[in-house]
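Here is a short briefing to read alongside your viewer.

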Amino acid sequence: MSRHRDIRNLDIQSELDDDALSDGGEELTAEQEQQMNQAFDQVQAVIGDSVISELSERAVREALWEFYFDVDQTVEWALGKYASYTASPPCQFIRFS
């Protein structure tokens with residue numbers, strides 16, 4: 001029952017001010033933001049807009065973050081992911097007679 005008391009006595013405004021209830025995402029510094037934008041532009045130049053639109057810009061940016069802004073690894077990941085999307089056969093229904 002003490003958990004209920006803790007919740008009831010919780011100061012929501014204080015928690016929100018402290019960002020204690022944030023989504024857990026990491027904020028980029030100005031330098032990281034610049035690196036991200038430069039790396040994304042390079043990836044986009046290599047793989048093109050059509051691949052990025054298929055994968056989503058957010059997914060490519062997340063891959064860049066995971067690969068520490070490594071353009072080559074991100075391009076390999078994006079092309080592999082795109083190939084798996086385009087190579088998968090369409091879903092077919094099987095008729096049972």
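Glu-57 and Arg-61 sit four residues apart in helix 5 (residues 57-66), so about one helical turn separates them. The two form a salt bridge whose closest N and O atoms are 2.9 Å apart; the term means a side-chain nitrogen of Lys or Arg within 4 Å of a carboxyl oxygen of Asp or Glu. Please keep in mind that this is a predicted model, where local features need pLDDT of at least 70, side-chain atom pairs count only at pLDDT 80 or more, and totals for chains, interfaces and linings use all residues. Residues are numbered from 1 along each chain as its sequence is written, and side-chain values use heavy atoms, with hydrogens and water left out.

- The structure has two salt bridges.
- Glu-57 is partly exposed at 41% relative accessibility, and Arg-61 is partly exposed at 21% (buried is under 20% relative accessible area, exposed is over 50%, and partly exposed lies in between, with a 1.4 Å probe and protein chains only).
- Glu-62 and Arg-58 also meet in a salt bridge, with 3.1 Å from N to O.
- Both Glu-62 and Arg-58 belong to helix 5, where four residues, or about one turn, lie between their positions.
- Glu-62 is partly exposed with a relative accessible area of 42%, whereas Arg-58 counts as exposed at 63%.

**The nonpolar core**

- Which residues touch the most other members of the largest nonpolar core? They are Val-43, Ile-47, Val-60 and Leu-64, in a core of 14 residues.
- A nonpolar core here is a set of buried Ala, Val, Leu, Ile, Met, Phe, Trp, Tyr and Cys residues joined through side-chain atoms within 4.5 Å.
- Helix 3 (30-47), helix 4 (49-55), helix 5 and helix 6 (71-87) each give two or more residues to this core, and helix 3 gives the most, with five.
- Beyond its neighbours within four places in sequence, Val-43 is in contact (heavy atoms within 4.5 Å) with Gly-48, Val-60, Leu-64, Val-71, Thr-74 and Val-75.

**The chain as a whole**

- The chain has six helices and zero strands, where helices are DSSP runs of H or I with at least four residues, strands are runs of E with at least two, and numbering starts from the N terminus.
- Of the 97 residues in the chain, 16% are buried.
- Among contacts between residues at least 6 apart in sequence, 57% join residues at least 24 apart.
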